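Subject: Structure handover and findings

Hello,

I am passing on the structure below, with notes on what was found in it. Please read the notes alongside the sequence and the coordinates.

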Amino acid sequence: MRILLVEDDRRVAAALSSALTRRGYQVEHAATVAAALSAAPCDLVLLDLGLPDGDGTDLCRELRRRSSRLGIIAVTARGEERDRVLGLRLGADDYVVKPFSMVELQARIEAVLRRAAHTAPQRNLIEAGTVRIDVGGRTVTVAGRDVSLTRKEFDILLSLARQPGVAVPRERILLDVWGTTWADRHTVEVHVGSLRGKLGDPTLVETVRGVGYRLREA
């Protein structure tokens, strides 16, 4: 998962980037409105409202105009009720007032990402190589053979199949399937092992060392 951190205080940005990276997120830092608007696509924006080249509320409005599904959390020292209400009305999904704990921020990030995942459009049928997934019916076939999976196994496969050929971090799988990134990573390994056995071809789900797993495309 990619997070765009929009923060003009370099020390605060460095500390937040380090903490978020340790939790498995990919973090890009932008210190200005201009840098934020030209940044690569991301899953969520942590947005400081006090920026040197413009007001963060205007940036929030523009980011929301560009994408209705982008997660936006205002992270700011502006704690007045009118500031919180304005930020939310302009499109922020949540509002965190400095100072805050990483435990609180982590929980808010997960909540926003869960909401975004639930509102994302669902493809009814996903095909990756020999794997065919009926999302609505929650059925799976491999090379035409029906495969019976548990709910967790199906959700793991679906998380990988949405981006076939792309390495999906363990943290992303934990969030998609368990709704948190704090669960024991060994849990993912156990379920992936079972999933591989049921698919009948262990090479369909590849381990990407230091990252997570990838569904083979062909």
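Helices (H or I, at least four residues) and strands (E, at least two) are DSSP runs, numbered from the N terminus. The model is a predicted one, where local features need pLDDT of at least 70, side-chain atom pairs count only at pLDDT 80 or more, and totals for chains, interfaces and linings use all residues. Residues are numbered from 1 along each chain as its sequence is written, and side-chain values use heavy atoms, with hydrogens and water left out.

Overall

The protein chain has eight helices and 14 strands. Its C-alpha atoms fill a box of roughly 60 × 30 × 30 Å along the principal axes. Of the 218 residues in the chain, 45% are buried; buried means under 20% relative accessible area, exposed over 50%, and partly exposed in between, with a 1.4 Å probe and protein chains only. Contact means heavy atoms within 4.5 Å. Among contacts between residues at least 6 apart in sequence, 54% join residues at least 24 apart.

Helix 1

Helix 1 covers residues 10-22. The expected span of a helix is 1.5 Å times one less than its number of residues. For the 13 residues of helix 1 that gives 18 Å, and the end C-alpha atoms are 18 Å apart, which agrees. Its buried residues are A13, L16, S17, A19 and L20. Seen down the helix axis, these buried residues fall within an arc of 170 degrees, so they line one face of helix 1; the arc is that of the directions from the helix axis to the C-beta atoms. R10, R11, A15 and R22 are exposed on the other side.

At the start of helix 1, a side-chain oxygen of D9 comes to within 3.0 Å of the backbone nitrogen of R11. After the helix comes G24, with a positive phi near 100 degrees.

Two strands pair if DSSP finds at least two bridges between them. Four strands form an open, antiparallel sheet in the order 8-9-10-11. Strand 8 (125-128) and strand 11 (145-147) are at the edges with a single partner strand each, so one side of each has no neighbour in the sheet. On average, neighbouring strands of this sheet are turned by 25 degrees against each other, direction ignored. Axes here are lines fitted to C-alpha atoms, for helices over the stretch in contact, and angles run from 0 to 180 degrees between N-to-C directions.

Strand 10 (residues 139-142) pairs with strand 11 in the antiparallel sense over three bridges. V140 has V147 of strand 11 as its bridge partner. D146 also lies in strand 11, and is exposed with a relative accessible area of 65%. Leaving aside residues up to four places away in sequence, D146 touches V140 and T141. D146 and V192 are 46 residues apart in sequence and 18 Å apart in space, C-alpha to C-alpha.

Helix 6

Helix 6 (residues 151-161) lies across strand 8, strand 9 (131-134) and strand 10, and runs at about 110 degrees to strand 9. L157 is in helix 6 and counts as buried, at 0% relative accessibility. With residues up to four places away in sequence not counted, L157 touches V131, I133, V140, L149, L195, L199 and L215. From C-alpha to C-alpha, L157 and V190 are 13 Å apart in space, and they are 33 residues apart in sequence.

Regards

Note on methods. Polar contact = N/O pair within 3.5 Å; in protein donor to acceptor, adjacent residues only side chain to side chain.
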